[in-house]
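The following note sets out points for a colleague who is reviewing the model shown below.

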Amino acid sequence: MLPTNTHILFHEFDYHAPTTLYEATELLAQYGDSARPIAGGTDLLVQMKMERRQPAHVISLARVNALQGIALNGDLTIGATTSIRDLHQYLTSKLQPPFASLQSLGEACNGFSTIQIMRMATLGGNLCNASPASDSAPPLLTFDARVTLKSKTFERVMALEHFFIAPGKTALQADELLTHIRIPRPPHQSASAFIKIARVAADISQVCAAVRLTRDGNLIHDARIALGSVAPTPVRAAAAERELIGQTFSAALAEKIGKRAAQEIQPISDIRATRAYRQHIAAVIVRDALLRAWERTQ
Amino acid sequence: MHKKTIHLTLNGEAREWSVYPNELLLNVLREQEYLTGTKYGCGIGECGACTLHLDGAPTLSCLTLAIACDGADILTIEGLARDGKLDATQQAFLEHSAFQCGFCTSDMIMMTRALLNENAQPSEAQVRDYLRGNLCRCTGYASIVRAALDAAALEKQRAEPSAAS
């Protein structure tokens, strides 16, 4: 058993508080694997208390202004250290069509743990922690979001889908920082929905699902379905998506696609839920999210 | 690992702390400042017992490095009363006896204070949602929710004394 003292932090480390992106990436280049960036700290400090991570250098991103804030300039660009609460407020108050169709991300932020955690936790932190149960990842996957990864000398952009490798593991190299999350301009006549099942409101999801539908009259022009807590990483349900495209929307179709999506996932049994429960409930919430998103396209 | 000197404001007073990188804000408050109103509950962000206001926002002090608080403005339960007069939230909790063992009281009050700063007239549903990260194991929450709602009314009354009857 690992020690699980959560009162004090035994582990010793050096603390760095860079104020520019260049300084931050320079520190990462210098310390590599022995460093870990910290944003809100709501995941990292718990992992350090439990001695699951023991970085020799902790690099705070709190004072790097270039990583904060949200900008709408063709794409919607979200700085990695934007808090979940700020993102929620932005999404629920400021967006016009077609970006108003990002409802599912607002719903995911609203259901994100507790008010304190929403204030402290950041979007980039939630993605870099790479939990299969991330609430923010499924909506972002349905929006074809891209992430910008920056080292001292290089910058690369990749689809979020390729960013998640395994539980706790991402495509980030030791000297790279996730700087921005970009959501491309959504198609017209699209809408989204997010549903999370958890034991109590503040808990981690047992299953969550996000969908985005684009309509063309009564037909489904395009569809995206993504799920959390059902596989080693947040995942798309690609086969279920394909079966929606070009079809006339109906409640019966939503029911069928929910079941189809549940066949595509690989959930495990753990302390939060069993594999059988997750498979059953995934079908239900994909169906409900489809019905809700379709209604919102009207 | 070296100590670093930081400067901050604690309950309205300037402070200089010398802290190691691995010291948590909660422990510095309790063990160096002897401000024990803020509690240690779970240590992993699930119970809300360590809630205080950091730069005005409700924050879990058990998941905050003290060294990161250079320049911060921190408000704990001990700094809530002004000039010997209880804050409306404290008064309402007292009047409703919104506690049994009292362990969660300071976090519930700090959370209610944060809610009223954002929303002066919250509904019951808004109170329950805002307090969802603060656990109480004795009261069943009913008296806490009543106190939070009444705190909003009390504060309004204090702001407009002529409206009181």
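Into which domains is chain B divided? Chain B comprises domain 1 (4-79) and domain 2 (88-159), the bounds coming from an automatic or database domain assignment.

1. Basis of the note. This is a predicted model, in which local features need pLDDT of at least 70 and side-chain atom pairs count only at pLDDT 80 or more, while totals for chains, interfaces and linings use all residues. Residues are numbered from 1 along each chain as its sequence is written, and chains are lettered from A and ligands numbered from 1 in the order in which they are written.

2. Domains of chain B. The centres of domain 1 and domain 2 of chain B, taken over C-alpha atoms, are separated by 22 Å. Between them, 11 residues of domain 1 of chain B are in contact with 11 residues of domain 2 of chain B; two residues are in contact if their C-beta atoms, placed from the backbone, lie within 7 Å. On the domain 1 side of chain B, strand E3 (residues 51-54) gives the most, with 3 residues. Helices (H or I, at least four residues) and strands (E, at least two) are DSSP runs, numbered from the N terminus. By class, this side of domain 1 of chain B has 5 nonpolar, 5 polar and 1 charged residues. Here Ala, Val, Leu, Ile, Met, Phe, Trp, Tyr, Cys and Pro count as nonpolar, Asp, Glu, Lys and Arg as charged, and the others, Gly among them, as polar.

3. Contact between the chains. Chain B contributes 24 residues and chain A contributes 26 residues. Strand E4 (residues 57-60) of chain B gives the most to the chain B side, with 4 residues. That side of chain B has 14 nonpolar, 9 polar and 1 charged residues.

4. Domains of chain A. Chain A is divided into domain 1 (14-60), domain 2 (65-183) and domain 3 (192-297). The C-alpha centres of domain 2 and domain 3 of chain A lie 20 Å apart, and their contact takes 23 residues from domain 2 of chain A and 23 residues from domain 3 of chain A. On the domain 2 side, helix H4 (103-110), helix H7 (137-142) and strand E8 (164-166) of chain A each supply at least two residues. The largest share of that side, 5 residues, comes from H7(A). The side of domain 2 of chain A that touches domain 3 of chain A has 12 nonpolar, 8 polar and 3 charged residues.

5. The open sheet of chain A. Five strands are arranged in the order E4-E5-E10-E6-E7 (chain A), with antiparallel pairing; two strands pair if DSSP finds at least two bridges between them. Strand E4 (70-73) and strand E7 (155-159) of chain A are the edge strands, each pairing on one side only. From one strand to the next, the twist averages 25°. Helix H1 (residues 21-31) of chain A packs on the sheet, touching E6 and E10 of chain A, and its direction makes about 125° with that of E10(A). Axes are lines fitted to C-alpha atoms, for helices over the stretch in contact, and angles run from 0 to 180 degrees between N-to-C directions.

6. Strand pairs within the sheet. E4(A) and strand E5 (residues 75-79) of chain A are joined by 4 bridges, and A:Ala71 has A:Thr77 as its bridge partner in E5(A). These two strands form a hairpin with 1 residue between them, and A:Gly74 in the turn has a positive phi of about 85°. E5(A) in turn pairs with E10(A) over 4 bridges in the antiparallel sense, with A:Ile183 in E10(A) the bridge partner of A:Leu76. Strand E6 (residues 146-150) and strand E10 (residues 177-183) of chain A run antiparallel and are joined by 5 bridges; A:Arg146 stands opposite A:Arg182 in E10(A).

7. Partly exposed position in chain A. A:Ala239 is located in helix H9 (residues 238-244) of chain A. Why does A:Ala239 count as partly exposed? It does so because A:Ala239 has 13 C-beta neighbours inside 10 Å: a residue is buried if 20 or more other C-beta atoms lie within 10 Å of its own, exposed if 12 or fewer, and partly exposed in between, with C-beta atoms placed from the backbone. Leaving aside neighbours within four places in sequence, A:Ala239 is in contact with A:Arg260 and A:Glu264.
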